[in-house]
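Biologist: I'm new to this one. Can you put it up and walk me through it?

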Amino acid sequence: MSQSAPAVPVVKISPRGATRLKSGHVWVYRSDITSADAIPPGSLVAVSDQRGKTLGTALYSSSSQIAIRMLSHDPVSDLPALLRQRIANAIAYRKPLVRDTDACRLIFSEADFLPGLIVDRYNDILSLQILTQAMDANPIREIVISELTQQTNPVALVERVDPRVRELETLPPRASGLLQGTKTSTVFAMNRVQFQFAALEGQKTGAFLDQRENYAAASQYAHGDALDVFCYQGGFALHLAQGCSQVTGVDSSRPALEVADQNAALNKQFLGDREIEWIEANAFDLLKDYAASGNHYDTIVLDPPAFAKTKRDLEAAMRGYKELNLRALKMLRPGGILVTCSCSYHVSQPHFLEMLASAAIDAHRTLRLVEVRGQAKDHPVLLNVPETSYLKCVVGYVS
Ligand code: SAH
């Protein structure tokens with residue numbers, strides 16, 4: 001039985017936009033909007049094709065290149081109830097899948113059918129990011145905050161603001177800060193390794209939760225002398241330390257290394273007297289120097305930032321990935337383990353493996369694929385929305 005929904009403005013889209021939606025995607029780009037007259041920013045809209053056939057209900061942005069983010073194939077008569085249900089579903093989805101941690105992504109935007117909303121849990125603190133006009137509207141914020149609070153009962157809830165996102169969405173500037181409670185730092189655990197979380201410090205706060213399962217995988221194979229390149233706050237390095245005789249972490253960010261060192265101190269129970277060495281350096285220069293001076297390792301992790309932020313960067317990005325992997329392969333002893341990652345969505349898994357194959361040839365090494373992995377399960381991949389799949393993590397055995 002169809003319930004009559006309140007009238008919502010209609011956005012008409014081109015045949016190309018309609019085809020995209022029919023393929024299961026949830027975005028329509030501005031160039032595929034044919035009419036959206038005087039629709040207020042962030043509105044709930046009905047989406048129709050050129051002939052007036054309704055394709056579903058969406059959230060509209062008046063400024064982003066992604067003008068339409070689909071919410072439902074059906075009319076939405078009660079948006080607050082729908083949002084509450086989706087938040088509850090996102091949390092329930094993770095219950096059986098997320099293990100050995102009190103930190104995970106609770107809501108991952110499109111992949112949880114809540115486009116424009118990201119929520120991470122770090123033990124007793126929730127960290128929320130709003131990415132669209134629709135999610136920023138006060139009534140929507142109130143619903144999101146009240147449902148999250150009911151479902152998870154956090155001690156504090158903070159909002160992390162990316163000023164660039166607000167600019168693109170033509171939203172007024174807003175500071176990061178507490179939305180609830182007073183606590184802004186805590187300690188959380190992944191795979192029994194402990195980490196600091198300072199909710200309001202630094203540029204990027206928090207951990208790379210998407211790597212949580214890859215840390216556990218890497219620690220299974222890691223041995224001997226280990227090098228964690230692009231170590232940030234020590235995510236891989238601390239996990240490697242469980243099975244390695246010596247671990248060095250390298251990053252160009254001193255503040256990240258300071259937190260890494262504090263994180264090491266939190267894990268004295270398994271580190272004992274062993275110290276992880278943290279080196280502040282440009283990874284490209286350091287690998288070049290180390291290779292030249294004949295340093296060798298049994299385990300190397302490469303987890304650089306996204307080199308290809310746009311499609312245009314792809315070629316330069318691939319050169320960067322290849323250079324890093326080539327140097328790492330040359331420095332690994334026979335029987336060594338390479339853990340190599342890319343978080344660039346524009347670099348597909350086949351493309352990444354092709355780069356790795358070519359690096360192995362140039363390094364005169366053979367590489368066996370032990371595991372080809374992706375992002376942790378709390379960062380779900382929505383099969384028909386390729387953009388939700390971005391992380392590659394390859395574990396290779398080098399001889
Ligand atoms: N492996 C980390 C995440 C790495 S994020 C983890 O699991 O937590 C990428 C890191 O690369 C950031 O910490 C950034 O400071 C660092 N970085 C960026 N460019 C760099 C460069 N040229 N040399 C060394 N580190 C760099």
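Modeller: Terms to start with: strands (E, at least two residues) and helices (H or I, at least four) are DSSP runs, numbered from the N terminus. Two strands pair if DSSP finds at least two bridges between them. This is a predicted model: local features need pLDDT of at least 70, side-chain atom pairs need 80 or more, and totals for chains, interfaces and linings use all residues. Residues are numbered from 1 along each chain as its sequence is written, and side-chain values use heavy atoms, without hydrogens and water.

Biologist: What stands opposite V28?

Modeller: I68, in β6. Strands β2 and β6 run antiparallel, joined by 3 bridges.

Biologist: And what order do the strands of the open sheet take?

Modeller: β2-β6-β5-β4-β1-β3, with mixed pairing. At the edges sit β2 (27-29) and β3 (33-35), each pairing on one side only.

Biologist: Which helix packs on the sheet?

Modeller: Helix α1, residues 15-22. Helix α1 touches β1, β2, β4, β5 and β6, where contact means heavy atoms within 4.5 Å.

Biologist: How far is the Y215 side chain from a ligand oxygen?

Modeller: An N or O atom of that side chain is 2.6 Å from the oxygen.

Biologist: Which backbone atoms lie by ligand nitrogens?

Modeller: An N or O atom of F230, at 2.9 Å. A polar one of A283 is 2.8 Å from a ligand nitrogen.

How values were computed: Axes fitted to C-alpha atoms, helices over the stretch in contact; angles between N-to-C directions. Polar contact = N/O pair within 3.5 Å; in protein donor to acceptor, adjacent residues only side chain to side chain.
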